[in-house]
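Reader: Could you take me through the pockets and helix packing of this model? I have the structure open.

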Amino acid sequence: MARTPKPDDISDSSAPLIEHLKELRTRLLWSILAFVVAMVLCFSIWNPIFNYMTHPICEALGRRGQDCGLILLKLQEGFFVALQISFVGGFALSFPVIGYQLWRFVAPGLYRSEKNAFLPFLLASPIMFFLGAAFAYFAVLPAVFDFFLTFQQGPLVTPAVEGAQDAATAVAAGTARSPVAGIVFQGSVGEYLSLTMRFIMAFGICFQLPVLLTLLGKAGIVSADGLSSARKYALVLMLIVAAVVTPGPDMTSQLIMFAAVYPLYEISIILIRRIERRREADLRAQGLWVEDDEPNA
(Lines give C-alpha, C1' and ligand atoms only; values in the text may rest on other atoms or scores of the structure.)
Protein backbone atom coordinates (compact mmCIF):
# COMPACT_ATOMS: atom_id res chain seq x y z
CA MET A 1 0.00 0.00 0.00
CA ALA A 2 1.41 3.34 -1.03
CA ARG A 3 2.43 5.60 1.83
CA THR A 4 0.88 9.04 1.92
CA PRO A 5 3.70 11.61 1.97
CA LYS A 6 3.92 13.67 5.11
CA PRO A 7 4.11 17.47 4.96
CA ASP A 8 7.74 17.31 6.07
CA ASP A 9 8.58 14.94 3.20
CA ILE A 10 6.93 17.25 0.66
CA SER A 11 8.78 20.32 1.91
CA ASP A 12 12.12 18.47 1.90
CA SER A 13 11.63 17.23 -1.66
CA SER A 14 10.62 20.65 -2.96
CA ALA A 15 13.39 22.56 -1.24
CA PRO A 16 16.07 21.89 -3.94
CA LEU A 17 13.71 23.04 -6.67
CA ILE A 18 12.90 26.24 -4.79
CA GLU A 19 16.59 26.89 -4.21
CA HIS A 20 17.29 26.43 -7.93
CA LEU A 21 14.48 28.82 -8.84
CA LYS A 22 15.81 31.41 -6.41
CA GLU A 23 19.28 31.02 -7.88
CA LEU A 24 17.89 31.35 -11.40
CA ARG A 25 15.97 34.48 -10.42
CA THR A 26 19.12 36.03 -8.95
CA ARG A 27 21.17 35.27 -12.07
CA LEU A 28 18.44 36.64 -14.35
CA LEU A 29 18.14 39.83 -12.32
CA TRP A 30 21.89 40.45 -12.51
CA SER A 31 21.86 39.74 -16.26
CA ILE A 32 18.93 42.08 -16.88
CA LEU A 33 20.52 44.80 -14.75
CA ALA A 34 23.79 44.53 -16.68
CA PHE A 35 21.91 44.67 -19.99
CA VAL A 36 19.87 47.73 -18.97
CA VAL A 37 22.95 49.61 -17.74
CA ALA A 38 24.88 48.77 -20.94
CA MET A 39 21.87 49.71 -23.08
CA VAL A 40 21.54 53.12 -21.39
CA LEU A 41 25.26 53.71 -21.86
CA CYS A 42 25.05 52.86 -25.57
CA PHE A 43 21.97 55.05 -25.98
CA SER A 44 23.89 58.02 -24.56
CA ILE A 45 26.62 57.59 -27.19
CA TRP A 46 24.61 56.13 -30.08
CA ASN A 47 25.63 58.93 -32.44
CA PRO A 48 29.41 58.25 -32.28
CA ILE A 49 28.68 54.53 -32.62
CA PHE A 50 26.57 55.13 -35.72
CA ASN A 51 29.21 57.46 -37.18
CA TYR A 52 31.81 54.72 -36.74
CA MET A 53 29.54 52.23 -38.47
CA THR A 54 29.20 54.57 -41.48
CA HIS A 55 32.94 54.50 -42.23
CA PRO A 56 32.65 51.69 -44.84
CA ILE A 57 29.98 53.47 -46.90
CA CYS A 58 31.65 56.86 -46.52
CA GLU A 59 34.98 55.48 -47.73
CA ALA A 60 33.28 53.78 -50.69
CA LEU A 61 31.54 57.04 -51.62
CA GLY A 62 34.74 59.02 -51.09
CA ARG A 63 36.56 56.86 -53.64
CA ARG A 64 33.94 57.97 -56.14
CA GLY A 65 34.22 61.65 -55.24
CA GLN A 66 30.77 61.71 -53.62
CA ASP A 67 29.73 63.26 -50.35
CA CYS A 68 28.70 60.86 -47.59
CA GLY A 69 25.19 61.54 -46.36
CA LEU A 70 22.19 59.52 -45.20
CA ILE A 71 18.63 60.74 -44.90
CA LEU A 72 15.70 60.19 -42.56
CA LEU A 73 12.67 58.92 -44.45
CA LYS A 74 10.43 59.05 -41.38
CA LEU A 75 10.28 61.51 -38.53
CA GLN A 76 10.76 58.81 -35.90
CA GLU A 77 13.42 56.90 -37.83
CA GLY A 78 16.35 58.49 -36.00
CA PHE A 79 14.90 57.55 -32.61
CA PHE A 80 14.39 53.91 -33.60
CA VAL A 81 17.91 53.77 -35.02
CA ALA A 82 19.23 54.97 -31.65
CA LEU A 83 17.17 52.27 -29.91
CA GLN A 84 18.46 49.57 -32.26
CA ILE A 85 22.06 50.60 -31.68
CA SER A 86 21.58 50.74 -27.92
CA PHE A 87 19.88 47.32 -27.88
CA VAL A 88 22.55 45.53 -29.91
CA GLY A 89 25.41 47.41 -28.25
CA GLY A 90 23.94 46.82 -24.80
CA PHE A 91 23.77 43.09 -25.41
CA ALA A 92 27.35 43.03 -26.72
CA LEU A 93 28.68 44.96 -23.71
CA SER A 94 26.71 42.96 -21.16
CA PHE A 95 27.43 39.55 -22.71
CA PRO A 96 30.45 38.86 -20.45
CA VAL A 97 28.26 39.45 -17.39
CA ILE A 98 25.42 37.36 -18.85
CA GLY A 99 27.84 34.55 -19.71
CA TYR A 100 29.34 34.68 -16.23
CA GLN A 101 25.89 34.48 -14.61
CA LEU A 102 25.03 31.54 -16.86
CA TRP A 103 28.23 29.81 -15.85
CA ARG A 104 27.59 30.42 -12.14
CA PHE A 105 24.14 28.86 -12.49
CA VAL A 106 25.26 25.80 -14.46
CA ALA A 107 28.67 25.13 -12.88
CA PRO A 108 27.46 23.68 -9.52
CA GLY A 109 25.70 20.85 -11.38
CA LEU A 110 28.78 19.85 -13.41
CA TYR A 111 31.63 17.53 -12.56
CA ARG A 112 35.17 18.89 -12.60
CA SER A 113 35.90 17.25 -15.97
CA GLU A 114 32.68 18.68 -17.42
CA LYS A 115 33.61 22.16 -16.17
CA ASN A 116 37.05 21.89 -17.76
CA ALA A 117 35.42 20.80 -21.03
CA PHE A 118 32.64 23.40 -21.13
CA LEU A 119 34.44 26.53 -19.95
CA PRO A 120 36.80 26.91 -22.98
CA PHE A 121 33.81 26.83 -25.34
CA LEU A 122 31.99 29.44 -23.26
CA LEU A 123 35.02 31.71 -23.59
CA ALA A 124 35.63 30.94 -27.27
CA SER A 125 32.08 31.71 -28.38
CA PRO A 126 32.15 35.53 -27.88
CA ILE A 127 35.71 35.70 -29.21
CA MET A 128 34.73 33.96 -32.44
CA PHE A 129 31.63 36.14 -32.75
CA PHE A 130 33.65 39.34 -32.49
CA LEU A 131 36.18 37.96 -34.98
CA GLY A 132 33.34 37.33 -37.43
CA ALA A 133 31.88 40.77 -36.81
CA ALA A 134 35.29 42.41 -37.34
CA PHE A 135 35.83 40.43 -40.53
CA ALA A 136 32.43 41.59 -41.82
CA TYR A 137 33.12 45.23 -40.94
CA PHE A 138 36.67 45.56 -42.25
CA ALA A 139 36.71 43.11 -45.16
CA VAL A 140 33.20 42.29 -46.34
CA LEU A 141 31.29 45.56 -46.10
CA PRO A 142 33.77 47.64 -48.16
CA ALA A 143 33.67 45.07 -50.98
CA VAL A 144 29.88 44.78 -50.85
CA PHE A 145 29.32 48.55 -50.86
CA ASP A 146 31.71 48.94 -53.79
CA PHE A 147 29.64 46.36 -55.66
CA PHE A 148 26.30 48.01 -54.85
CA LEU A 149 27.54 51.49 -55.76
CA THR A 150 28.53 50.36 -59.25
CA PHE A 151 24.83 50.52 -60.12
CA GLN A 152 24.84 54.27 -59.81
CA GLN A 153 24.38 56.11 -63.08
CA GLY A 154 25.74 59.55 -63.72
CA PRO A 155 24.12 61.83 -66.32
CA LEU A 156 25.29 61.29 -69.90
CA VAL A 157 26.29 64.76 -70.96
CA THR A 158 27.36 66.19 -74.31
CA PRO A 159 29.02 69.63 -74.28
CA ALA A 160 26.84 72.12 -76.12
CA VAL A 161 29.31 74.98 -76.46
CA GLU A 162 32.78 75.17 -77.85
CA GLY A 163 35.49 75.50 -75.24
CA ALA A 164 33.88 73.27 -72.59
CA GLN A 165 36.57 70.94 -71.29
CA ASP A 166 34.33 68.08 -70.27
CA ALA A 167 30.75 67.13 -69.65
CA ALA A 168 30.83 68.10 -65.98
CA THR A 169 31.91 71.65 -66.87
CA ALA A 170 29.07 71.93 -69.36
CA VAL A 171 26.52 70.76 -66.79
CA ALA A 172 27.84 73.19 -64.18
CA ALA A 173 27.55 76.01 -66.70
CA GLY A 174 24.01 75.00 -67.55
CA THR A 175 24.88 74.60 -71.19
CA ALA A 176 24.18 70.90 -71.57
CA ARG A 177 21.32 68.56 -70.93
CA SER A 178 21.38 64.90 -69.97
CA PRO A 179 19.29 62.52 -72.09
CA VAL A 180 18.97 60.06 -69.15
CA ALA A 181 18.17 60.34 -65.47
CA GLY A 182 21.01 60.08 -62.97
CA ILE A 183 20.93 57.29 -60.36
CA VAL A 184 22.67 58.43 -57.19
CA PHE A 185 22.80 56.76 -53.80
CA GLN A 186 20.75 58.54 -51.14
CA GLY A 187 20.56 56.00 -48.35
CA SER A 188 18.13 55.84 -45.48
CA VAL A 189 19.63 55.83 -41.99
CA GLY A 190 17.44 52.91 -40.90
CA GLU A 191 17.99 50.85 -44.05
CA TYR A 192 21.75 51.31 -43.92
CA LEU A 193 21.94 50.30 -40.26
CA SER A 194 19.72 47.27 -40.89
CA LEU A 195 21.87 46.13 -43.82
CA THR A 196 25.11 46.62 -41.90
CA MET A 197 23.85 44.82 -38.80
CA ARG A 198 22.61 41.88 -40.87
CA PHE A 199 26.06 41.40 -42.34
CA ILE A 200 27.75 41.69 -38.94
CA MET A 201 25.32 39.29 -37.26
CA ALA A 202 25.49 36.79 -40.14
CA PHE A 203 29.27 36.55 -40.08
CA GLY A 204 29.40 36.58 -36.29
CA ILE A 205 27.01 33.61 -36.12
CA CYS A 206 28.76 31.70 -38.92
CA PHE A 207 32.08 32.06 -37.10
CA GLN A 208 30.55 29.97 -34.30
CA LEU A 209 30.96 26.89 -36.53
CA PRO A 210 34.29 25.70 -35.02
CA VAL A 211 32.94 26.19 -31.49
CA LEU A 212 29.78 24.20 -32.24
CA LEU A 213 31.46 21.35 -34.13
CA THR A 214 34.29 21.04 -31.62
CA LEU A 215 31.81 20.92 -28.74
CA LEU A 216 29.89 18.19 -30.55
CA GLY A 217 33.15 16.34 -31.16
CA LYS A 218 34.04 16.66 -27.48
CA ALA A 219 30.68 15.09 -26.62
CA GLY A 220 31.26 12.28 -29.13
CA ILE A 221 28.29 13.24 -31.30
CA VAL A 222 30.40 13.91 -34.42
CA SER A 223 33.80 12.60 -35.45
CA ALA A 224 36.62 13.91 -37.61
CA ASP A 225 36.25 11.02 -40.06
CA GLY A 226 32.51 11.63 -40.30
CA LEU A 227 32.99 15.33 -41.06
CA SER A 228 35.68 14.51 -43.62
CA SER A 229 33.44 12.03 -45.43
CA ALA A 230 30.56 14.53 -45.41
CA ARG A 231 32.69 17.35 -46.80
CA LYS A 232 30.95 17.48 -50.20
CA TYR A 233 27.55 17.77 -48.52
CA ALA A 234 28.91 20.41 -46.17
CA LEU A 235 30.13 22.46 -49.15
CA VAL A 236 26.64 22.49 -50.65
CA LEU A 237 25.11 23.39 -47.29
CA MET A 238 27.59 26.25 -46.84
CA LEU A 239 26.68 27.69 -50.23
CA ILE A 240 22.97 27.50 -49.38
CA VAL A 241 23.50 29.15 -45.98
CA ALA A 242 25.65 31.88 -47.56
CA ALA A 243 22.89 32.59 -50.08
CA VAL A 244 20.25 32.78 -47.35
CA VAL A 245 21.92 34.77 -44.58
CA THR A 246 23.72 37.39 -46.70
CA PRO A 247 21.51 40.36 -47.64
CA GLY A 248 21.01 41.10 -51.28
CA PRO A 249 21.37 38.88 -54.32
CA ASP A 250 25.01 39.75 -55.06
CA MET A 251 27.44 36.89 -55.45
CA THR A 252 30.28 38.89 -53.90
CA SER A 253 29.09 38.66 -50.30
CA GLN A 254 28.02 35.03 -50.75
CA LEU A 255 31.41 33.97 -52.07
CA ILE A 256 33.20 35.92 -49.34
CA MET A 257 31.13 34.19 -46.65
CA PHE A 258 31.75 30.78 -48.22
CA ALA A 259 35.48 31.49 -48.45
CA ALA A 260 35.49 32.47 -44.77
CA VAL A 261 33.37 29.60 -43.42
CA TYR A 262 34.96 26.71 -45.33
CA PRO A 263 38.40 27.09 -43.68
CA LEU A 264 36.59 27.13 -40.32
CA TYR A 265 35.08 23.75 -41.22
CA GLU A 266 38.53 22.32 -41.95
CA ILE A 267 39.88 23.80 -38.71
CA SER A 268 37.03 22.09 -36.86
CA ILE A 269 38.07 18.73 -38.31
CA ILE A 270 41.65 19.28 -37.14
CA LEU A 271 40.52 20.26 -33.63
CA ILE A 272 38.19 17.27 -33.33
CA ARG A 273 40.94 14.91 -34.53
CA ARG A 274 43.23 16.25 -31.80
CA ILE A 275 40.48 15.70 -29.22
CA GLU A 276 40.00 12.12 -30.43
CA ARG A 277 43.73 11.39 -30.26
CA ARG A 278 43.93 12.79 -26.75
CA ARG A 279 40.90 10.76 -25.70
CA GLU A 280 42.43 7.61 -27.20
CA ALA A 281 45.73 8.22 -25.40
CA ASP A 282 43.94 8.64 -22.06
CA LEU A 283 41.94 5.44 -22.54
CA ARG A 284 45.07 3.50 -23.56
CA ALA A 285 46.85 4.75 -20.44
CA GLN A 286 43.94 3.46 -18.33
CA GLY A 287 43.80 0.17 -20.22
CA LEU A 288 40.26 0.84 -21.38
CA TRP A 289 40.91 1.26 -25.10
CA VAL A 290 39.33 -1.41 -27.29
CA GLU A 291 40.48 -1.78 -30.90
CA ASP A 292 37.73 -1.93 -33.49
CA ASP A 293 37.29 -5.32 -35.08
CA GLU A 294 38.52 -5.47 -38.65
CA PRO A 295 35.74 -6.09 -41.18
CA ASN A 296 35.46 -9.61 -42.51
CA ALA A 297 36.76 -10.20 -46.00
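Reader: What volume does the largest pocket have?

Author: In this predicted model, the largest pocket has a volume of about 810 Å³. A pocket is found on a 1 Å grid over the protein atoms alone, as an open set of points where a 1.4 Å probe fits, with protein on both sides within 12 Å along at least five of seven lines. The volume is the space filled by probe spheres set on the points, which are joined across faces, edges and corners.

Reader: Which residues lie nearest its centre?

Author: Val-88, Ala-92, Phe-129, Phe-130 and Ile-200 do, out of 25 residues that line the largest pocket. Lining residues have an atom within 4 Å of a grid point.

Reader: Which element gives the largest share of that lining?

Author: Helix α5 does, with eight residues. At least two residues each come from α2 (46-53), α4 (77-106), α5 (112-149) and α7 (189-206). Helices are DSSP runs (H or I, at least four residues), numbered from the N terminus.

Reader: How does the lining divide by class?

Author: The largest pocket is lined by 22 nonpolar, three polar and no charged residues. Here Ala, Val, Leu, Ile, Met, Phe, Trp, Tyr, Cys and Pro count as nonpolar, Asp, Glu, Lys and Arg as charged, and the others, Gly among them, as polar.

Reader: And what about the second largest pocket, how much space lies in it?

Author: About 290 Å³ lies in the second largest pocket. Its lining has 17 residues, with Leu-209, Leu-237, Met-238, Val-241 and Val-261 closest to the centre. Two or more lining residues come from each of α7, α8, α10 (231-245) and α11, and α10 gives the most, with six. By class, this lining has 16 nonpolar, one polar and no charged residues.

Reader: Changing topic, at what angle do the axes of α8 and α11 cross?

Author: The axes of α8 (residues 209-218) and α11 (residues 251-286) cross at roughly 25 degrees and come within 9 Å. That makes the two helices roughly parallel, a term for angles under 35 degrees. Axes are lines fitted to C-alpha atoms over the stretch in contact, and angles run from 0 to 180 degrees between N-to-C directions.

Reader: Which residues of α8 make the contact?

Author: Leu-209, Pro-210, Leu-213, Thr-214, Gly-217 and Lys-218 do; their partners in α11 include Val-261, Tyr-265 and Arg-279. Contact means heavy atoms within 4.5 Å. The contact residues of α8 and α11 comprise nine nonpolar, three polar and two charged.

Reader: Why are α10 and α11 called oblique?

Author: Their axes cross at roughly 140 degrees, within 9 Å. The pair is therefore oblique, since that class takes angles left over once those under 35, over 145 and from 65 to 115 degrees are set aside.

Terms used:
Residues are numbered from 1 along each chain as its sequence is written. This is a predicted model: local features need pLDDT of at least 70, side-chain atom pairs count only at pLDDT 80 or more; totals for chains, interfaces and linings use all residues. Side-chain values use heavy atoms; hydrogens and water are left out.
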